[in-house]
Amino acid sequence: MMNDSLLATLFPLGWQHYLAGGLVIGAGVALLFVLTGLVGGMSSVFSSTWSYLLRQPYFQQARYLDSRGWRLAYAAGLIGGALVWWLAFSDGQALSTSVPVPMLVIGGFLVGFGARLGNGCTSGHGICGLGSLQWPSLLAVLTFMATAFLTANLVGWWTA
């Protein structure tokens, strides 16, 4: 069993909301699939949304054009759920980070590039792919996690 100081270090805001959030996301993705047969990965939401603005052939594929309506509703539900959680269960204070904006932008670009390179994002592979027992998703998640651990340790070493 983990001691209290390790739990406090790993989860400074408490672990309960992480568990609840994971359960709600998992239930939502499962419900979406059971009721409609649709897979709710977020990188496809991102690409289908860009299909409204960008005319490049990649974004004009039928899989994006035909699904962008439900994907936008899905994304709005995720944002709305986060808002409800914040209003109902927090003290009303927004959380912030000390990470500089340029690093956040570069990190966002790298995550987006990685999601396209990996043919899906962490939510698509980790929640939807693993939930349907797809081996490529297991390999993708293991790669994501190994890369994240390595990056976090390199950044920690570099900034120490």
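## Helix H3 and its packing

In this predicted model, helix H3 covers residues 42-50, and within that helix Ser-43, Val-45, Ser-47 and Ser-48 are buried. These buried residues of H3 pack against helix H4 (62-65), and likewise against H5 and H6.

## The largest pocket

The largest pocket holds about 840 Å³ of space. It is lined by 27 residues, of which Leu-110, Val-111, Gly-112, Gly-114 and Ala-115 are the closest to its centre. Two or more lining residues come from each of H3, H6 and helix H8 (135-159).

One of its members, Leu-95, is found in the loop between helix H5 (68-89) and helix H6 (101-117). Leu-95 counts as exposed because its relative accessible area is 71%, where the cut-off for exposed is over 50%.

## Overall architecture

The protein contains 8 helices and 0 strands, and its C-alpha atoms fill a box of roughly 50 × 35 × 35 Å along the principal axes. Among contacts between residues at least 6 apart in sequence, 45% join residues at least 24 apart.

Of the 160 residues, 17% count as buried. The accessible surface comes to about 11,900 Å², and carbon and sulfur atoms account for 75% of that area.

How values were computed: Residues numbered from 1 in each chain as written. Predicted model: local features only at pLDDT ≥ 70, side-chain atom pairs only at ≥ 80, totals over all residues. Heavy atoms only, no water. Helix = DSSP H or I, 4+ residues; strand = E, 2+ residues; numbered from the N terminus. Buried < 20%, exposed > 50% of the residue type's maximum accessible area, 1.4 Å probe, protein only. Contact = heavy atoms within 4.5 Å. 1 Å grid on protein atoms, 1.4 Å probe; cavity = no way out; pocket = protein on both sides within 12 Å on 5 of 7 lines; lining within 4 Å. Points joined across faces, edges and corners; volume = space filled by probe spheres on them. Areas by Shrake-Rupley, 256 points an atom, 1.4 Å probe, with all protein chains shown as cover.
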